[in-house]
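Hi there,

Here is the structure I promised to pass on to you. Have a look at it first, and then read my notes below.

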Amino acid sequence: MAADHEQVEEIMARSFNNNVHFHDIPDAILSSIFSLITDTRSRNAMSLVCLKWHLIERSTRTFLSLRGNIRDLFLLPTCFRAVTNLDLSLVSPWGSPILDSSPNTALLAQALHWTFPSAVTLTVYARNPSILKFLAPQWPHLRQVKLVRWHQRSSTTLGFDFLALFEHCHSLASLDLSHFYNWTEDLPPALEAYPSVAASLSHLNILNYTSAQGFKSHELLAITSACPNLREFLATCIFDHRYFGSVGDETLLSLATNCPRLSLLHLVDSSSMSAARGNPDNDGYTTEDARIRQNMLIEMFSALPLLEELVLDVCHNVRDTWVALEMLNSKCPRLKSLKLGQFHGVCKGIDARPDGIALCSRLESLSIKNCADLTDSGLISISLGCPRLTKFEVQGCKKITKLGMTKVASILRKTLTEVKISCCKHLNTVTSLQALEPIQDSLQRLHIDCVWEMVEQSGSEASSSAKSAGLKCSEKRRGIWEETNLKKKYKKYNGNGDGYASSTWEKLQCLSLWIEAGELLNPLALAGLDDCPVLEEIQIKVEGDCRHQSSPSPPDDFGLSSLRCYPRLSKMELDCQTAIGYALTAPSGHGDLSPWERFYLNGIGKLNLTELNYWPPQDIDVNRRSLSLPAAGLLAQCRTMRKLFVHGTANEHLLMFLLKVQTLRDFQLREDYYPAPENDTSTEMRIDSCSRFEDALNRRAIPD
């Protein structure tokens, strides 16, 4: 060993003496190194070093998302011939048919093929069937396809949207329709018409976010019967037995029998796809029970021995499930991820013996949603029985408290890196953060609800919890807190039995928040999240009805400026689409949404954001989600912004405000809500208006 070490040192010394340069590394090794770089900006910077690096970077780039204007597709880059994953869904103006910009549609489709001959994965906004009619023949060896459409379905026969794809792409292995609006009746006849394509599919995602409709039981059975080799299947369906075509236990068993090789199964009730948080004050039970029996659940588990990830979000009561869940560990030995919605009795937690879901010792991710009878003892039993958990979510569980979550965090402090606590009656912001103190130094992703009022608790534990929080239950919901109580550092047990450590969230990189419309964000740092040195991304979701609240007026603001305490914060998602108000339909005496946009965006210019996704508040009566004048003016104050995506519409003269942001180089309006406004009828989304703004944006000199 010593001789080998000396030999290595001798070789290195000889290399340094010979002035070996980085360029002396063989091209094959350089290509391998370059292929490991995935960040787009890093690759762009590498390509500017020298001609050799430029050629290697272009020859090793496998993913490309086109973001130019559709009228400029004749300027397609010809140097990315190694691209295998091509995304055409974000070409500007967003949602416009990509091939309509050319008088010769077939020639443009051929140009795309000549430019990207190696593409085997394609994402495209297929607004009408003609898009796939011209594109599918260009890449007959496509393996993965994702279709996107938020506009209304064209008046065609059932399944016509998919015929061109299935006719030309016989090797198709993955089809993603999660963001593609279509009728549930469209897919089954298309799959039955092309049995070889259906048999080749191993991944099918029909978990549709664009529609409130769910697939009926006979449609699911027709799909799974046509695709017996599926390994991953995701779908929205109907579990309410009061509706025709509802999914019951017999359908679940037949589905498992049709596709015995499934490793991933997601079945979600269509009502669960809405963005609503739910009511934390109800008892957790629905008025109707799902038609799912325990013995049939066990038979379904037995039919899926290769299952690794299971999601059953039923939205209707499935009671006393602990017996069936105990069988998961033996029937599905590979199961690592589990999410259950409206399943009750998942773990009794009565004595020291683990039961129910606590026997699934191989789980690494667990999400429990709307479990009405889950208690602290059940949580403790689960954390003891599932020691490998790295991700844990509880949502809508009314009986769990700070004590139970503290025990979970303490038991799983060596593995847990991602936590979500939402809509739990006895866990507000402060108590949630206090409960997670044992994993403060290891948590990387966190979701909590911004509920500033003290929760109403009962019993001795409630009293001690209220005292430890240092809050007064009588304080108002608007966030008027005793600053002296909130600014004190809550100490964290260090797990070694010798004391406590400081309250720094050392590894927290992404923070997700839910907050009610009209509430303030300012108390967040005071509640215990003031020290997050590596926090880079924050996601904020605002929900509530603004129509019956008094309109905010300056100097009122949401409190975005309070996020300046996070030095590395650079990415933000501000989702106000479920903040409902009046845009064009305000009755006499009521204000419109523009004061609310000013309220939520005020102070955003004080943050050093480089990327922002913004969903404006919505007027649901006219299906309008639009950028207002105050919002445009405030967004123009973001001096470091590079990417800005507004998920709504905007007038052209308001867009011109954004030209003041000197660093802005990627902007897009995305109408990604159904039904997306038609460009030819909207006064805000004219193609020419978007094109003129993009031209003005591209004419500017970019500082870096």
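What follows is a short tour of the salt bridges.

Please keep in mind that this is a predicted model. As background, side chains of opposite charge can pair when their charged atoms come close.

Start with E288 and R242, whose closest N and O atoms are 4.0 Å apart. R242 is exposed, at 51% relative accessible area, whereas E288 is partly exposed, at 23%.

Next, look at R319 and D289, which meet in a salt bridge at 3.0 Å, N to O. D289 belongs to the loop between β8 and α12 and R319 to the loop between β9 and α13, so the pair links parts that are 30 residues apart in sequence. R319 is partly exposed, with a relative accessible area of 37%, and D289 is partly exposed too, at 32%.

Then there is R445 with E418, again a salt bridge, with the closest N and O atoms 4.0 Å apart. R445 lies in strand β14 and E418 in strand β13, so parts 27 residues apart in sequence are tied together. Both are partly exposed: R445 at 37% and E418 at 24%.

Finally, find R43, E57, R58 and R61: salt bridges that share partners join these residues into one network.

Enjoy exploring!

Technical notes:
Residues are numbered from 1 along each chain as its sequence is written. This is a predicted model: local features need pLDDT of at least 70, side-chain atom pairs count only at pLDDT 80 or more; totals for chains, interfaces and linings use all residues. Side-chain values use heavy atoms; hydrogens and water are left out. A salt bridge is a side-chain nitrogen of Lys or Arg within 4 Å of a carboxyl oxygen of Asp or Glu. Buried means under 20% relative accessible area, exposed over 50%, partly exposed in between (1.4 Å probe, protein chains only). Helices (H or I, at least four residues) and strands (E, at least two) are DSSP runs, numbered from the N terminus.
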